[in-house]
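Welcome! Take a moment to turn the model around on your screen before reading on. The notes below will guide you through it topic by topic.

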Amino acid sequence: DADRVGILTRTPQGDYQLLSGNRTGVLLLDYLIGAKIRRGTLPERAAILKTIVTTEMARRVAEKHGVSCYDTFTGFKFMAEKKGALEAAGEGKVFFSYEESFGYMLGDFTRDKDAVSAALLLTEMAAWYQGRGMTLLDALDALFATYGYYEEETLNLVMPGLSGMENMKALMARLREQPLTQIAGIPVLSQKDYQTGLETNWETGSITPTELSGSN
C-alpha cells in the first residue's frame, strides 16, 4: 500500500533535482492526454480534477486539449465525490485527479490517491521521453514553452494548540476586513472567498459566485 510518490530527475550536471507535486502532476497530465489521443481512447466529455491550491497550469494543459478541469477542496474524498457526481450526471468522465502534495488518482482503479498506479505511469512516461532523447526536465521546459512559466513555493506556518486556532481565525478575519489589493507592487485582480462562495473582481467591482463554498 502506498499513496504518495515523489520523483527526482537527473540534471545535465549529473546530479538530481526533485520535482514538485505540481510539476509532476502537470507532466503526467500532459503525457496521459497525449497517450490517449494517440491511441484514440480519450473519453467523450473527458475531465480531470485538481484542488483549489493545485497549480492552474493543469487547467491550461487540460483545456488546450478540450478536457474539462474542475476544482475541489483539498483531499481526495472531495475528488472521489466530485468524480462520482460528474459521472452519475453524465457531465464528464474523469480519468485523472491530483493534488500538489504528491497524490495522484488514475482511472477507476481506486477512489483515493494511489502511488502504485502512479509509479507505473511515471515509469512509462520517463521511458517514452527517453526514447525521444528527452529527460523529464526537458519535457517540463517544453511544457513551459507551450503553456507559460508557472512557479510556486510552499511555506509551512506552524500554529499549534488553541492559541494557534485563534491566530488562524484572526488572520482570516483580517484578510476579509483588509483585502490585499497588491502583492509586491503587482495589483491583485480578484479575490475568491471559499467560505462565502463569492469572487470579487477588483478591476470591475463585480461579485460572482465561486464553484465551491463552505470552507474557511
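In which loop is the place of Phe-102? Phe-102 sits in the loop between strand 5 (93-99) and strand 6 (103-106). Keep in mind that this is a predicted model. From that loop we can move on to the sheets, the cores and a few single residues.

- Most residues other than glycine have a negative phi.
- Phe-102 is not a glycine, yet its phi is positive, at about 65 degrees.
- Phe-102 has a relative accessible area of 25%, so it counts as partly exposed.
- Ala-184 also has a positive phi without being a glycine, here of about 55 degrees.
- You can find Ala-184 in the loop between strand 7 (182-183) and strand 8 (186-187).
- Because its relative accessible area is 78%, Ala-184 is exposed.

- Strands of a sheet pair through backbone hydrogen bonds, either parallel or antiparallel.
- Strand 3 and strand 5 run parallel and are paired over 5 bridges; Ala-47 stands opposite Val-94 of strand 5.

- Another open sheet has 3 strands in the order 9-10-11, with antiparallel pairing.
- Its edge strands are strand 9 (190-193) and strand 11 (207-209), and each of these pairs on one side only.
- Strand 9 and strand 10 (residues 198-201) pair over 4 bridges in the antiparallel sense, and Ser-190 has Asn-201 in strand 10 as its bridge partner.

**The nonpolar cores**

- The largest nonpolar core has 37 residues, and the members touching the most others are Leu-27, Ile-48, Phe-95, Phe-96 and Met-125.
- Two or more residues each come from helix 1 (21-39), strand 3 (46-51), helix 2 (57-64), strand 5, strand 6, helix 4 (115-130) and helix 5 (136-147).
- Helix 1 gives the most to this core, with 8 residues.
- A second, separate core has 8 residues, among them Ala-47, Met-79, Leu-86 and Met-105.
- Not counting residues up to four places away in sequence, the residues that Phe-95 touches include Leu-32, Ile-48, Val-67 and Met-105.

- Met-105 belongs to strand 6.
- Is Met-105 buried or exposed? Its relative accessibility is 2%, so Met-105 counts as buried.
- Leaving aside neighbours within four places in sequence, the contacts of Met-105 include Phe-76, Met-79, Phe-95 and Thr-110.
- Met-105 and Gly-34 are 71 residues apart in sequence, and their C-alpha atoms are 18 Å apart in space.

- Glu-211 lies in the segment after strand 11.
- Tyr-70 is 141 residues away from Glu-211 along the chain, while 8.9 Å separates their C-alpha atoms.
- Apart from neighbours within four places in sequence, Glu-211 is in contact with Tyr-70, Asp-71 and Lys-82.

How values were computed
Residues are numbered from 1 along each chain as its sequence is written. This is a predicted model: local features need pLDDT of at least 70, side-chain atom pairs count only at pLDDT 80 or more; totals for chains, interfaces and linings use all residues. Side-chain values use heavy atoms; hydrogens and water are left out. Two strands pair if DSSP finds at least two bridges between them. Buried means under 20% relative accessible area, exposed over 50%, partly exposed in between (1.4 Å probe, protein chains only). A nonpolar core is a set of buried Ala, Val, Leu, Ile, Met, Phe, Trp, Tyr and Cys residues joined through side-chain atoms within 4.5 Å. Contact means heavy atoms within 4.5 Å.
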